[in-house]
Amino acid sequence: MERDKARTRMHEAAALWSAGQVTAAELVNVACELLVAGFDELNLATLASVHARHADEEVPELLEAAPKDVGLSHYPRGSHAGQEAAVTIMASRVLAGLLSPLDLAVWAHSIIGHDKLPVAERLVELDDVYDTLEYTDMTEQDVNDEILVEARRIVGMSGATAHFA
């Protein structure tokens with residue numbers, strides 16, 4: 001695996017872990033991928049050496065230093081910064097065709113919720129629109145198009161190197 005791809009995978013996994021969408025054991029696996037890609041920092045190696053059965057207990061304390069070793073930001077569990085990064089990742093997946101607009105809206109509603117994270121609020125509202133389409137003059141495609149516009153806005157706000165420390 002190439003170094004940039006491995007770093008991106010760590011950024012995504014750490015952000016999604018912060019939002020409760022990736023397990024600690026998955027973070028250990030991504031740390032192993034970084035080692036295979038040629039990163040050899042001590043904190044990263046320590047994270048990669050955690051046994052999957054102990055990951056939930058050990059990974060949180062190791063996770064602050066390991067991403068920083070490879071020039072990435074750290075996102076504490078449940079932090080707004082981590083949730084914002086997770087929303088950006090999920091929005092970019094929609095733009096890449098890896099996730100449907102509906103799935104992004106449902107994800108934002110179920111993981112973030114109403115009035116919790118300004119960057120995700122419009123996505124959460126659009127999920128509500130899906131539930132009430134028969135009472136509006138909008139079609140499902142209209143809502144999908146609005147979600148795509150919102151996904152572009154979110155990804156555009158993040159900047160290409162926002163996750164690098």
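Predicted model: local features only at pLDDT ≥ 70, side-chain atom pairs only at ≥ 80, totals over all residues.
User: ok, which residue does Glu12 pair up with?

Analyst: Glu12 forms a salt bridge with Arg93, and the closest N and O atoms of the two are 3.4 Å apart. Glu12 lies in helix H1, residues 3–18, while Arg93 lies in helix H6, residues 80–95, so this pair ties together parts that are 81 residues apart in sequence.

User: And is Glu12 buried, exposed or something in between?

Analyst: Glu12 has a relative accessibility of 22%, so it counts as partly exposed, because buried would mean under 20%. Arg93 is also partly exposed, with a relative accessible area of 28%.

User: How do H1 and H6 sit against each other?

Analyst: Two packed helices are described by the angle between their axes and the distance between the axes. For H1 and H6 the angle is about 120°, and the axes are 8 Å apart. The two helices are therefore oblique to each other, because the roughly perpendicular range runs from 65 to 115 degrees and roughly antiparallel starts over 145. Their crossing is left-handed.

User: Which residues meet there?

Analyst: On the H1 side they are His11, Glu12, Ala15, Leu16 and Ser18, and on the H6 side they are Gly82, Gln83, Ala85, Ala86, Ile89, Met90 and Arg93. Sorted by class, this contact has 6 nonpolar, 4 polar and 2 charged residues. Glu12 and Arg93, the salt-bridge partners, are both on that list of meeting residues.

User: Switching topic, what about Glu150, which partner does that one have?

Analyst: Glu150 forms a salt bridge with Arg153, with the closest N and O atoms 2.4 Å apart. Both residues lie in helix H9, residues 140–158, where they are 3 residues apart, about one turn of the helix.

User: Which residue does Lys68 meet?

Analyst: The side chain of Lys68 meets that of Glu64 in a salt bridge, at 3.7 Å from N to O. Lys68 is partly exposed, with a relative accessible area of 48%, and Glu64, at 42% relative accessibility, counts as partly exposed too.

User: Last one, which residues are linked in a network?

Analyst: Arg122, Glu125 and Glu146 are linked in a network of salt bridges.

Methods:
Residues numbered from 1 in each chain as written. Heavy atoms only, no water. Salt bridge = Lys/Arg side-chain N within 4 Å of Asp/Glu carboxyl O. Helix = DSSP H or I, 4+ residues; strand = E, 2+ residues; numbered from the N terminus. Buried < 20%, exposed > 50% of the residue type's maximum accessible area, 1.4 Å probe, protein only. Axes fitted to C-alpha atoms, helices over the stretch in contact; angles between N-to-C directions. Parallel < 35°, antiparallel > 145°, perpendicular 65-115°, else oblique. Left-handed = near helix turned anticlockwise from the far one by under 90°. Contact = heavy atoms within 4.5 Å. Nonpolar A, V, L, I, M, F, W, Y, C, P; charged D, E, K, R; others polar.
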